[in-house]
Amino acid sequence: PEGYDTDRDRRWPLLLFLHGAGERGHDLETVRRHGPMKHGSHPEQRPFVIVCPQCPPDAIWSPVLVDELVEKICAEQRIDRSRLYVTGISMGGWGVWDLIGRYPDKYAAALPMASGALPSLAGRIKHIPIRTFSGELDDFVPNDPAHDIVTAIRALGGSAELLIIPGKSHQA
């Protein structure tokens, strides 16, 4: 972000983005198809560090490997560990749920999209601010898994939100 190189005492929030299955591989440019890097990188418009790793071909997101990457970045960069945020779409959205489920005290907030999780995860993550999005017309990932986990979190006193985007499909 703007000021990162000059303000050596400042700690910066980190936004982690996990892409979907279609962006797996070895070409980092494909990671720009969706998410925070889609519209280019404008440091003056984002006062935080963005990390967009790429999942290997034929793999899914491993919460353990993603956490190792986050730890490496936190150790090597000036990251505010109290402001770690994670988002992802489709396979990456499922990865977000897995990551916060495994490391429920690490992330300040989560924004999984076009995904869901088993309701049994709710007790571990009910304290995390979560807003999840699904397309109304998504025929690839139905809205049910997102609805079920949000309902379970709210039943336990959490404040997770599900936003259904009218008229939109899987890639909204």
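Start with a term: buried means under 20% relative accessible area, exposed means over 50%, and partly exposed is in between, with a 1.4 Å probe and protein chains only. By that cut-off Pro104 counts as buried, because its relative accessibility is 13%.

Now the ground rules. This is a predicted model, where local features need pLDDT of at least 70, side-chain atom pairs count only at pLDDT 80 or more, and totals for chains, interfaces and linings use all residues. Residues are numbered from 1 along each chain as its sequence is written, and side-chain values use heavy atoms, with hydrogens and water left out.

Back to Pro104. Pro104 sits in the loop between helix 2 and strand 4 (109–113). Helices (H or I, at least four residues) and strands (E, at least two) are DSSP runs, numbered from the N terminus. Lys126 is 22 residues away from Pro104 in sequence, yet the C-alpha atoms are 9.0 Å apart. Contact means heavy atoms within 4.5 Å. Leaving aside neighbours within four places in sequence, Pro104 contacts Arg124, Ile125, His127 and Ile128.

Next, the core. A nonpolar core is a set of buried Ala, Val, Leu, Ile, Met, Phe, Trp, Tyr and Cys residues, joined through side-chain atoms within 4.5 Å. The largest one has 35 residues. Which members touch the most others? Leu16, Trp97, Ile100, Tyr107, Ile125, Ile130 and Ile149 do. Elements giving two or more residues to this core include strand 1 (12–18), helix 1 (63–76), helix 2 (91–102) and helix 4 (144–155). Helix 2 supplies the largest share, 5 residues. There is also a second, separate core of 7 residues, with Leu15, Ile50, Cys52 and Ile89 among them.

Look at Ile130. Beyond four places in sequence, its contacts include Trp97, Ile100, Pro112, Ile153 and Glu161. Glu161 lies in strand 6. With a relative accessible area of 31%, Glu161 is partly exposed.

On to helix 4. The expected span of a helix is 1.5 Å times one less than its number of residues. For the 12 residues of helix 4 that gives 16 Å, and the end C-alpha atoms are 16 Å apart, which agrees. Ala146, Ile149, Val150, Ala152 and Ile153 are its buried residues. They fall within an arc of 160 degrees, so they line one face of helix 4. That arc is taken from the directions from the helix axis to the C-beta atoms. Asp144 and Ala155 are exposed on the other side of helix 4. The cover over the buried residues includes helix 2, helix 3, strand 5 (131–135) and strand 6 (161–165). After helix 4 comes Gly157, with a positive phi near 95 degrees.

Last, helix 1. Its buried residues are Pro63, Val66, Asp67, Val70, Ile73 and Cys74. They cover an arc of only 125 degrees, which puts them on the same side of helix 1. Leu65, Ala75 and Glu76 are exposed on the face turned away.

How does helix 1 meet helix 2? Their axes come within 9 Å and cross at roughly 75 degrees. Axes are lines fitted to C-alpha atoms, for helices over the stretch in contact, and angles run from 0 to 180 degrees between N-to-C directions. Helix 1 and helix 2 are therefore roughly perpendicular, the class for angles of 65 to 115 degrees; under 35 counts as roughly parallel, over 145 as roughly antiparallel, and the rest as oblique. Pro63, Val64, Val66 and Asp67 in helix 1 meet Asp98, Leu99 and Arg102 in helix 2.
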